[in-house]
Amino acid sequence: MICQKFCVVLLYWEFIYVITASNLSYPITPWRFKLSCMPPNTTYDYFHLPAGLSKNTSDLNGLYETAVEVKFNSSGTHFSNLSKTTFHCCFRSEQDKNSSLCADNIEGKTFFSTVNSLVFQQIGANWNIQCWLKGDLKLFICNVESLFKNHFKNYNYKVHLLYVLPEVLEDSPLVPQKGSFQIAQCNCSVHKCCECLVSVPTAKLNDTLLMYLKITSGGVIFQSPLMSVQPINVVKPDPPLGLHMEITDDGNLKISWSSPPLVRFPLQYQVKYSENSSTVIREADKIASATSLLVDSVHPGSSYEVQVRGKRLDGPGIWSDWSTPHVFTTQDVNINISCETDGNLTKMTCRWSTNTIQSLAGSTLQLRYYRSRLYCSDSPSIHPISEPKDCHLQRDGFYECIFQPIFLLSGYTMWIRINHSLGSLDSPPTCVLPNSVVKPLPPSSVKAEITVKTGLLKISWENPVFPETNLQFQIRYGLSGKEVQWKIYEVYDAKSKSVSLPVPDLCAVYVVQVRCKRLDGLGYWSNWSSPAYTVVMDIKVPMRGPEFWRIINGDTMKKEKNVTLLWKPLMKRDSLCSVQRYVINHHTSLNGTWTEDVGNHTKYTFMWTEQEHTVTVLAINSIGDSVANFNLTFSWPMSKVNIVQSLSAYPLNSSCVILSWMLSSSDYKPMSFIIEWKSLNEDDEIKWLRISSSVKKCYIHDHFIPIEKYQFSLYPIFMEGVGKPKIINSFTQDDIEKHQNDAGLYVIVPVIISSFILLLGTLFISHQRMRKLIWEDVPNPKKCSWAQGLNFQKPETFEHLFIKHTESVTFRPLLLEPEAISEDISVDTSWKNKDEMVPTTVVSLLPTTDLEKGSGCISDQFNSANFSEAEGNEVTCEDESRRQPFAKYATLVSNSKLGETDEEQGLINSSVSKCFSSKNDSLKDSFSNSSWEIEAQAFFILSDQHPNIISPHLTFSEGLDELLKLEGNFPEENNDEKSIYYLGVTSIKKRESDMLLTDKSRVLCSFPAPYLFTDIRALQDSCSHFVENNFNLGISSKKTFVSYMPQFQTCSTQTHKIMENKMCDLTV
Amino acid sequence: MRWGCLCRFLWLWACLSYTQAVPIQRVQDDTKTLIKTIITRINNLSQMQSVSPKQRITGLDFIPGFHSDLSFSKMDEILAIYQQIVNSLPSGNLVQISNDLENLRALLHLLASSKSCPLPWASGLETLANLGGVLEASLHSTEVVALSRLQGSLQDMLRQLDLGPAC
């Protein structure tokens, strides 16, 4: 018992010793500090020790430490050797990091832990601690936040604040006893952030509060050094409320707020605002003792984000939290004001629009201005003394303000003030000098004329009265009309008051306007002056006289003829610009020269009596006679000079005819030609055209009717007179016929092509229909009674088929009676003796057509085997096949013996082609009379419908065996094939090797078997329905068959023909 | 005296600081242009009749007449008198001329300051206090004579500006 009391006393003593040894307590002057507990082996880099200071330095300034010894009583072997670990816990001010030091003061009492806390041993533990007194001065709060949340996640985390509030700490010789410390409530959140609340009586706000923290985490109990604080010194008020911003009448931004409630002491405030506009981004902090702040230089269109916080005005304290940010956007009032001074320099009109700004409801706009004595400053600013100006809203949405009278050289600084109940805002000011924005009056007395003789467009004007400065001018002119194509001419000579311009058409009416502007570029262009028009008048003498031609009336044999001169009225561009009258100059050798005035007429008739008579037509206007004139000499001798060798007229289309001619060599050189044409069907007047003598071809543009006849005449014009013309009365025939032929060609070719296409289509359709009909007419063997249930695609079927029928039906009629073509080579063997037959395999291709009619495949071949070309009356196989199908027989004669000896049989491409009789589809030939024997050869003819059923590489016997094996293994789809053929199998006792017999020629064609089959193989491509099958005839089965193969297959006649030729080549 | 110098200096400084960016050549051109403008304005007045500036008219001696040699100060003094007279005339269309005269005087002061000529603002004639009586007696004549002589004076100034007036 005594021992226990002793121990308790000892513990108390140790605790008191810890407190006293701590050299008083940690004064909480900063409102935020850090508690760090580190194992002894850990360096103090974390605390940023200044160079030269030891970590064992005692008597620390701003840092207090206690030691926490942790005893690990772990059951794990890993920590068995860690019996005791001492943690050093230090306070550190965040506001004074560099000066923070940690002293090794391990005199404190240790605390125990029974939990494995290697984490703490390795990295230590840190907490952020904030302590303050609330603004209501009633509640002291300490906020403890762990910086290593993850490590304590699974451990029990508790925080206790132990405090004592002694009356007067300084007067007490001893620190409070442990029992006098009270435990404050600490509420921890999920994020290991604990808030400890201590209620402080109002009377003790100035007293010293002693406290320390006991933190349990991960089974380790950390205890902070003792802290001391006077609550009144760490007052942290609530953030200000009611943040508000407005624009004052002076254009400043006023930020106002209200102090937090229940604050019993004056506060100071810190305002933080940032301005963000398109031009300026700035941040500022300002301290204010009042609850408002004025910010000048407010930019329109900027946004301001403001926050405010408060702190005790007198004495120490802690800044409150920032108030919630408040954003205020100033109105963008960048209003453009444009002004214009009138031409009399007495009035300046300024216009501005609010379309560019966002209108604010309830706001009014006012233009204010300030007039300086002279000129504008470089950077206009809003002057405190300004005058309003009445402006009136116009229909176009612009406000218009008129200054009258004006000070020409005074700067008018203007801006728009937006007045609103919340305040007023001014637009950026602009300064206008009335003298610089003058829009002059347009030049007056503008005149335009085409000058006589020189032929230039002369424009004259008078300057406006104002301004007195030098002016530049712009002249625009163009042909008068509805839509004038203006040309601009600029005059920079201020003294010039007229200008002459070249124009292309001197006899047209031009419209001219002039405007002006200050020469220095200031101000605006004046309006265009009133238009001035030129007057068309004679500018010069006519450039030339009219072109003229003549019509000669009267008897050609007579020497006196009436000559009528014709000419076209002279155009303005030639007459410059009018013709008052025409004058005819006559010149004859006898009567000399005389003139006749014909006025404005364009026709004149005179009597041609003399050998030569020269006339000239002159055009006369107000200026004088035409300078260059045409003349024409009528001369009897010259009228017989013919230099035009030929003349051709080619109609190009209804509006153009090409006229070409050829000249013969002559001593006379024509000056020009006159082409004259007229319609012969109507009494149209003569049309004529003068062309140069160098031209050999001429395009005449007129309205030509193709069915009418025209007369074209070509007159050579010599110096001495008019020559003999070349006259044609119609267009050149060759060309017409050619065009007609061409036209016929254009019609006929499409007709032929379309007919050909139609014919092909008809043939194709008829072919399809014929094919369908023919195949319908061919009896289907499956429908026969004897063929019911048989699969003709299987070789065994045929064997059974014929065995079956030998009992009831004689074999011969089916195999057709062989004719005595060659008694030596064809031996028919009955089925009864098949076992005794010489195993000879002969494959015969048996034509079944009427051989006499020369149709069919093989027969044709043999008919043509006389080295004649194919019969002329024969139709190609494809054509025949369209008419009639017919069955073809094939005999497969086996000679096993020979086949055994002959092992050099190559692969045989046996093919089956469609063979049709051209005239008769009845079977004519028997097996023997048209067969040909091949030594040790097998020619197996199958339909191409089953090319895959029979292996193309089967030897004959093996192939048959294979085929037998394949019985019943035919694919189902093959049974559905429509093209069925019969296969007859027979044997031949006696073979006739290398002999081929034709039915007509009865010539034995002997040829080696390989050639035949090689050729046949070569022919396989020419027949579209060959099936490639290879058999080795050298190995024959012991069973010998006499094959019989009536087939519904067609073969190209051409193919057989070629084969025939090949065969016969071998016989020669 | 000291205050006067100070005021003169301040005025000069104010003028120079405000219009320092304006080239003096432009000021001269604007001055001549403005003189021509005023002359043209007077010419355009419909009731304007030509009166010889040398012709003496009894009772209108206060209107400045012909001066051969004009300094800046004299010009300003003459213009101040004319401005005073024009402002007194009831004709509405003379307000623009009065404004032009004010601009012209400011330009002359600017020119004078550019040549370091101290040029106080002339206050006009004190004897014009009884101008109202004169105008009542002969309004039209006063207007005609005043504008005619103003036109002549402006032409004199125009010539003098080309020669380079003294301070």
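Helices (H or I, at least four residues) and strands (E, at least two) are DSSP runs, numbered from the N terminus. The model is predicted, so local features need pLDDT of at least 70 and side-chain atom pairs count only at pLDDT 80 or more, while totals for chains, interfaces and linings use all residues. Residues are numbered from 1 along each chain as its sequence is written, chains are lettered from A and ligands numbered from 1 in the order written, and side-chain values use heavy atoms, with hydrogens and water left out.

**Exercise 1.** Find B:S116 in chain B and work out what its phi is like.

Solution. Start with the fold: chain B has 6 helices and 0 strands, running α-α-α-α-α-α from the N terminus. Next, look between α4 (95-114) and α5 (131-137) of chain B: B:S116 sits in that loop. Its phi is near 60°, positive although the residue is not glycine. For context, most residues other than glycine have a negative phi. Last, check the cover: B:S116 has a relative accessible area of 58%, so it is exposed (buried means under 20%, exposed over 50%, partly exposed in between; 1.4 Å probe, protein chains only). For chain B, 47% of the 167 residues count as buried.

**Exercise 2.** Now take A:S445: is it buried, exposed or partly exposed?

Solution. First place it: A:S445 belongs to strand β31 (residues 444-450) of chain A. Then read its phi, near 55°, again a positive value in a residue other than glycine. Finally, A:S445 has 42% relative accessibility, so it counts as partly exposed.

**Exercise 3.** Which residue's backbone nitrogen does the side chain of A:S224 approach?

Solution. Go to the loop between β12 (220-223) and β13 (227-229) of chain A, where A:S224 lies. A:S224 is buried, as its relative accessible area is 2%. A polar atom of its side chain lies 2.7 Å from the backbone nitrogen of A:L213.

**Exercise 4.** Track down the cis peptide bonds ending at A:P467 and A:C577.

Solution. Begin with A:F466 and A:P467, whose cis bond has an omega of about -5°. A:P467 is in the loop between β32 (456-462) and β33 (471-479) of chain A. Then move to the cis bond from A:L576 to A:C577, with omega near 5°. Here A:C577 falls in the loop between α3 (572-575) and β40 (581-588) of chain A. As a reminder, most peptide bonds are trans.

How values were computed. A polar contact is a pair of N or O atoms within 3.5 Å; within protein, one must be able to donate a hydrogen and the other to accept it, and residues adjacent in sequence count only if both atoms are side-chain atoms.
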